[in-house]
Every structure is written in structure tokens, then in C-alpha cells.
Amino acid sequence: FFMALIGLGYGFLLPSLPKLAQGWFPRNYLGKVTGIYMASLYAGAAFAISATLPINSLFGGSWRNTLFVFGLLSAVSAAAWWLVARNPPSSDATRITENSPAGSQRVWANGQVWLVAVLLTSMNIFFYTLGGWLPTIFVERGSPPYVASLMTSALYFLAIPATLIIPLLSDRIGRRKPFLWILALLAAGASYGLLVTPLAFGWILAATLGFATAGIM
């Protein structure tokens, strides 16, 4: 039940961020703004992966207290949003849709929208499955648990520059598909490498995976 609440909150939150960015910032800033808030998502994940075991040890191995710490951070963040954030001046529906005369009905019939949806679904399945299992893979291959969590955090730390660098490069070149192909092949190669290369390569491969998957997203 509580996991469902987390998913519900995340599901409502994530689609709202682009709309807030659209309302708060001029159009020519949207790429940078999107990169910054996506980078912050990965930064939070990197912090969580690397800090969970130390926090757990600090509380004598209590998973309840560990979850309480992260829940408290979420509550503080929610309170800050409630007190500080303001509705964007361009949040009214007429302004947002004025450049879309075709209306929302045609969105469902747009093949490009479904292509992006399938791509994002596939990337989320890959990214979250990988992020969930990577510490276990490292431990089963002989890594101490804390080192395994740090190696996994490399995946998220390298995702941060990717969210800023890849959009900038693709904007300058004016093309998206070459980046999607190159990064997808890079992610596939790094994933296979995690299974067959010595454990010491885990740092490099996790970082490569983080950069590639975040660049695609």
C-alpha cells in the first residue's frame, strides 16, 4: 500500500516538472532548466545509494529508522514546496495550448508520441531494474556491501553530467537519433561487461552505464 503511494506521488510529480519549467522560464532556457532538474534527480539517487548503509549502521541496523530519515527529507521537501513555490504566471490552459491548434485529441493518434513513450518505458525498465540489482550483482561477485553501494552510486553520479552535456551537444548538432543509437549501444556493451569482466572494472562500467542511460533519457 505504501509503495503504491510512493508510486502515485512520483507519477503525479514527474509530469508536472516540465509544465512548471515551461511556465516559470522563457522557452530558450527550457533545455538548461530540464537538464538541471534531471541532474538533481540523479544526484538524489546517488546520495541515497551511497548514504543508506552508513545511515543504517548509525542507527544500529534499524531499517525503520533509516526509512524514517529519508521520509523526513521528503516531508521537509514537500513543506518547502508548499511554502516557497508559486504557480507559474503562464499556468492558464489557454496560453499553454495556444501554440497547439490541433488540440489534445490528436496527441493519441501521433505515432511519434507513442515512439517516445515506448522508448521511455524501455529505458525505465532497463534503468530501474539495473539500479535495483547492481548492488546485488557486485556483492555476489565478491564485493563488500558498502563498496558495492559506492560502485552503484557511480551510475547515478555520472548520470548528472550526462543530463547537461548530451542535450547541449544534440542541440548544437541539431540531431537526436545519433545520440540515441550511440548511447544505447554503449549501455548494452557496459551491461554485458558487468557480467564477464573482473570486478575492478565495475567502477568504470557503472559510470559508463549511468552516463549512457541518462543521456538517452
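This is a predicted model: local features need pLDDT of at least 70, side-chain atom pairs count only at pLDDT 80 or more; totals for chains, interfaces and linings use all residues.

Student: What makes phenylalanine 2 exposed?

Tutor: The relative accessible area of phenylalanine 2 is 64%. The term exposed requires over 50%, so phenylalanine 2 is exposed. Phenylalanine 2 lies in helix 1. Phenylalanine 1 is exposed as well.

Student: Which residues form the nonpolar patch on the surface?

Tutor: The patch is formed by Phe1, Phe2, Leu5, Leu8 and Phe12. Together these residues have about 650 Å² of accessible area.

Student: How many aromatic pairs does a search of the whole structure find?

Tutor: The search finds two aromatic pairs. In one of them, the ring centres of phenylalanine 1 and phenylalanine 2 are 5.3 Å apart, with the planes at 70°. Centres must lie within 6.5 Å for rings to pair, and planes over 60 degrees apart count as edge-to-face; therefore this pair is edge-to-face.

Student: What makes the pair of tryptophan 24 and tryptophan 81 stacked?

Tutor: The distance is 6.3 Å centre to centre, and the angle between the planes is 15°. Planes under 30 degrees apart count as stacked, so the term applies to tryptophan 24 and tryptophan 81. Tryptophan 24 lies in helix 1 and tryptophan 81 in helix 3, so the pair ties together parts that are 57 residues apart in sequence.

Student: Why is tryptophan 81 called partly exposed?

Tutor: Tryptophan 81 has a relative accessible area of 44%. Leaving aside neighbours within four places in sequence, tryptophan 81 is in contact with Leu20 and Trp24.

Student: Which residues touch the most other members of the largest nonpolar core?

Tutor: They are Tyr42, Leu134, Leu155, Leu194 and Leu209, out of 32 residues in this core. Among the elements that give two or more residues to the core are helix 1, helix 2 and helix 5. The largest share, seven residues, comes from helix 9.

Student: With which residues is tyrosine 42 in contact, leaving aside its neighbours within four places in sequence?

Tutor: Tyrosine 42 is in contact with Phe127, Tyr156, Ala159, Ile160, Thr163, Ala214 and Met217.

Student: How many helices and strands does the chain contain?

Tutor: The secondary structure comes to nine helices and zero strands. The C-alpha atoms fill a box of roughly 60 × 40 × 30 Å along the principal axes.

Student: What share of the residues in the chain is buried?

Tutor: Buried residues make up 26% of the 217 residues. The chain exposes about 14500 Å², of which carbon and sulfur atoms supply 72%. Of the contacts with a separation of 6 or more, 69% are between residues 24 or more positions apart.

Technical notes
Residues are numbered from 1 along each chain as its sequence is written. Side-chain values use heavy atoms; hydrogens and water are left out. A nonpolar core is a set of buried Ala, Val, Leu, Ile, Met, Phe, Trp, Tyr and Cys residues joined through side-chain atoms within 4.5 Å. Buried means under 20% relative accessible area, exposed over 50%, partly exposed in between (1.4 Å probe, protein chains only). Helices (H or I, at least four residues) and strands (E, at least two) are DSSP runs, numbered from the N terminus. Contact means heavy atoms within 4.5 Å. Patches are made of residues with over 30% relative accessible area and no salt bridge: like charges are joined within 9 Å, nonpolar side chains (Val, Leu, Ile, Met, Phe, Trp, Tyr) within 5 Å. Accessible areas come from the Shrake-Rupley method with a 1.4 Å probe; for residues, only the protein chains shown count as cover. A salt bridge is a side-chain nitrogen of Lys or Arg within 4 Å of a carboxyl oxygen of Asp or Glu. Rings of Phe, Tyr and Trp (its six-membered ring) pair if their centres lie within 6.5 Å; planes under 30 degrees apart count as stacked, over 60 as edge-to-face and the rest as tilted.
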